[in-house]
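Here are my notes for you to read beside the model. Take them one at a time and find each spot on the screen as you go.

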Amino acid sequence: MLVPPVSQDAQVINNLYLILYVFSAIVFILVEGLLIFSVVKFRRRAANDAPVQVHGHAGLETVWTILPMVLVAVIFLFSVNSMGQLQATGTFNDPLNHVHGVNDQVAIKRVSEAKKVDVVINVTARQWVWQFKYADGFIVTQELVVPENKTVRLDIVSADVIHAWWVPALGGMIYVNPGEMSHVWFNAPAGMYYGQCNVFCGLAHSQMLSNVKVLPQADYDAWVAQQKTK
Amino acid sequence: MASVSIPVAKPGLLSEIAGWLTTVDHKKIGVMYLVSTFFFFLLSGIFALIIRLQLMAPGMKIVDQNVYNELFTMHGTGMIFLFIIPMLVGLGNYIIPLQIGARDMAFPRINALSFWLLIFAGIVMEGGFLIGGTASSAAWTAYVPLSTKQFSPQSGMDIWLFGVVLLGISSTLGAVNFLVTIYTMRAPGMTMWRIPIFTWTMIVTAGMVLLATPVLTAALIMLITDRNFSTQFFTTSNPRLWQHMFWFYSHPAVYIMVLPAMGILSEVIPVFSRKPLFGFKVMVLSSILIGVLGFTTWVHHMFVSGVDPLVERFFMFTTMVIAVPTGVKMFSWIATMWKGSVSLKTPLLMCIGFISTFVIGGITGVIQGAIPIDMQVHNTYWVVAHFHYVLFGGSVFGIFAGLYFYLPKITGRMLDDKLGKWHFALMFIGFNLTFFPMHILGLEGMPRRIATYAADRGWDIPNLIATIGAFTIAFSVLIFMINFAIYILGRKGEVAGNDPWEGATLEWATTSPPAVYNFARTPVVESDRPMIELRAKAAGAKSDSKTSGGSH
Ligand code: HEM
Ligand SMILES: [Cu+2]
Ligand SMILES: [Cu+2]
């Protein structure tokens, strides 16, 4: 991935991408090579060329049915394996099973027990702004500020239409559906990570930024203190 | 009857026009399909150019974001519903009765109705720009609740939904007509395995239309009543219901758009290689398999919208499996050219354009079918790149292959091959310039459907290249139009004759353009390449008087 991965999840995805990239390159070179070769080598040279009329070849046809099947199976297994790794990082029970009804107490309990977290932030997506509500009660928008190397969990809800949380450097995206709660976990070194809403949500969708600023603990504490006095 | 003598005046322009407007002849209807869908291609293309101007550099303000949202919505809708799908239907309309040796479609009037419904729907949908202030701006996917009255109050949204309903009716009628025509009206001797491959792909396509369209139509009507009569189909229920119904149609729709184009390739490549299609039966079976598997993958559009993980693994598998029959087709086309006599005329070049770009679209399709990857590329410009590689690199190159191949039959004149090659070369370069950089933009985190972006994101250069590419494409299409204007409309092109390309199927047995009744005598089919025998017979008749050499 061109956005350098900083979280463990983004790293897992990045690794899978590189593996599939190699497979793709092989298929690409094979097909384009055969195509160019046959067009150049067998182009018409004389107006009355009369090539042998071959109708097919059962053996060849079997080969190029089986080969893609094997390839696809391998790719599938690699993908499932990566999903397992996403699970094993303990980030969440299952990479995709963290959307549930807003009032689903069982799910909320399971999510909070799934992994020890240092910071929980309540996020509300609404046309066209991300609001971050901190445990201390203050709210900021557009830019989320969190401490460095701490496990952060976002509990995200939507106030209107569907939005999506996505900060590329921090890993996978998740839809935020009205009436449901979505969760994202990450743990990142200090830095500034860009993100914005990733489901078209109407007029100002392109302005719905969700940048994440990760600060060293001391700076973070100072920032929180400053927010509280505002 | 009393012999009333009808004055036979030279048909004036008015009666000529009236003749077109009231026609039920499949060829005239086919021509009207081609002309009007090409117009929608140009219109949607102009929208795309404005989109590309706006995104050429960060912070541009060519149009405001409200208009931008209308433009990409109407670009996508227009390209899919008003260009690619009906353009292929139009080609089928013209060619299929000829290919199977029939005199018309089974239901000529229904055929006309399908066409006029399309025109009406097109006017209604684009009309949103004129009445009610704004066209639909909820993207071609019209996700609920964004598309409900609360969040999209404009009447442009209602008429958009209404227009798509009409299109559904149009294509359902068309599908029934194709199936009945092909089932009942084939020339004597045209058994199952002698049905030409393009006709085969239309059979599969029509079957898919019949299965998929009702689900979309139901969803659209539910949304219309939600918006206007306070029914509560979508407002209070699962936010994913619309997505399931929409994609249950719209994923198969991808194959509805690409299978007939594949059929065109399977006609053109053998003719221009002077060889039969490699593995005819396997080609037919792989089309059917694509048609069936096409219905099993729709949830891959919902991997991050919160679907049960086990269900998602299933759909990840089916999504990847569909690459197999597609791969079979690619290899069979190449094998058809292998050791052939490949003539690099424009129709074949367009086929090469199809194969070489569709490979990329296929590969990216499998890759983003992997759920972890999809969690990183879903809804980004990577996806925009992927589906243009399939729909433009695939369908549009296939459509142009079909146009260069069949326009001589339809009009009686040849297009200029030199200009055709320029068209191909510029479109191929422009296409890759436009869409390849979008992969990179997606990986760099650029979401789709954004009206503008900030300079600090580092997305400038790929966007600039994409815009240059888009105008290169536009220029290449202009060359096609000039070619058409001079050599066909201006009658400067060579006279095509019945069979300019050494075709293999029955449409090449009749005159160009064919007479109203298509064939003076219904042809009898003795193999899967009837023209080969007809040509041999004609040649035999000529040489019989000189030599006594028997046929082999
Ligand atoms: C002149 C060539 C074309 C150019 C330059 C072009 C460009 C674009 C761009 C830049 C977008 C993304 C807009 C956005 O997300 O903000 C887009 C979207 C789209 N394009 Fe094209 N396109 C072209 C041809 C086609 C063709 C032939 C099809 C055929 C089906 C097509 C179908 C679509 C669809 C379905 C969308 C998605 C619309 C949506 O997000 O609602 N495009 N196009
Ligand atoms: Cu949004
Ligand atoms: Cu799909």
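1. In which sense do β3(A) and β4(A) pair, and over how many bridges? They pair in the antiparallel sense, over three bridges. Strands here are DSSP runs of E with at least two residues, helices are DSSP runs of H or I with at least four, and both are numbered from the N terminus. Two strands pair if DSSP finds at least two bridges between them.

2. Before you go on, some ground rules: this is a predicted model, where local features need pLDDT of at least 70, side-chain atom pairs count only at pLDDT 80 or more, and totals for chains, interfaces and linings use all residues. Residues are numbered from 1 along each chain as its sequence is written, chains are lettered from A and ligands numbered from 1 in the order in which they are written, and side-chain values use heavy atoms, with hydrogens and water left out.

3. Back to that hairpin of β3(A) and β4(A). Five residues sit between the strands, and A:G137 takes a positive phi near 100° there. Across the pair, A:F132 stands opposite A:V140 in β4(A).

4. Look for A:A125, whose bridge partner in β3(A) is A:W130.

5. Now zoom out to the whole sheet. It is open and mixed, with six strands in the order β1-β9-β6-β2-β3-β4 (chain A). β1 (99-101) and β4 (139-141) of chain A are at the edges with a single partner strand each, so one side of each has no neighbour in the sheet. From one strand to the next, the twist averages 25°. Angles in these notes run from 0 to 180 degrees between N-to-C directions, and axes are lines fitted to C-alpha atoms, for helices over the stretch in contact.

6. Within that sheet, β6 (residues 152-158) and β9 (residues 180-186) of chain A run antiparallel and are joined by six bridges. A:L154 stands opposite A:V184 in β9(A). Helix α3 (residues 105-114) of chain A packs on the sheet and touches β1, β6 and β9 of chain A, where contact means heavy atoms within 4.5 Å. The direction of this helix makes about 145° with that of β1(A).

7. Chain A also has an open sheet of three strands, in the order β5-β11-β10 and with mixed pairing. Its neighbouring strands are turned by 20° against each other on average, direction ignored. Three bridges join β10(A) to the antiparallel β11 (residues 211-215) of chain A, and A:M192 has A:K213 as its bridge partner in β11(A). Lying across β5 and β11 of chain A is helix α4 (residues 217-229) of chain A, at about 130° to β5(A).

8. Over to chain B and the metal. Which residues coordinate the copper ion (ligand 3)? They are B:H251 (ND1), B:H300 (NE2) and B:H301 (NE2), at 1.5 to 2.2 Å. Donors are N, O and S atoms within 2.8 Å of the metal (3.2 Å for Na, K and Ca), and water is not among the atoms, so sites may look incomplete. B:H251 lies in helix α7 (residues 241-273) of chain B and B:H300 in the loop between α8 (280-293) and α9 (309-321) of chain B, so the pair ties together parts 49 residues apart in sequence. Both B:H251 and B:H300 are buried, meaning under 20% relative accessible area, with exposed over 50% and partly exposed in between (1.4 Å probe, protein chains only).

9. Last, a helix pair: α3 (residues 65-99) and α13 (residues 381-411) of chain B pack at about 35°, with axes 11 Å apart. Among the contact residues are B:M87 of α3(B) and B:L403 of α13(B). At 6% relative accessibility, B:L403 counts as buried. Leaving out residues up to four places away in sequence, B:L403 touches B:L34, B:M87, B:P408 and B:F480.
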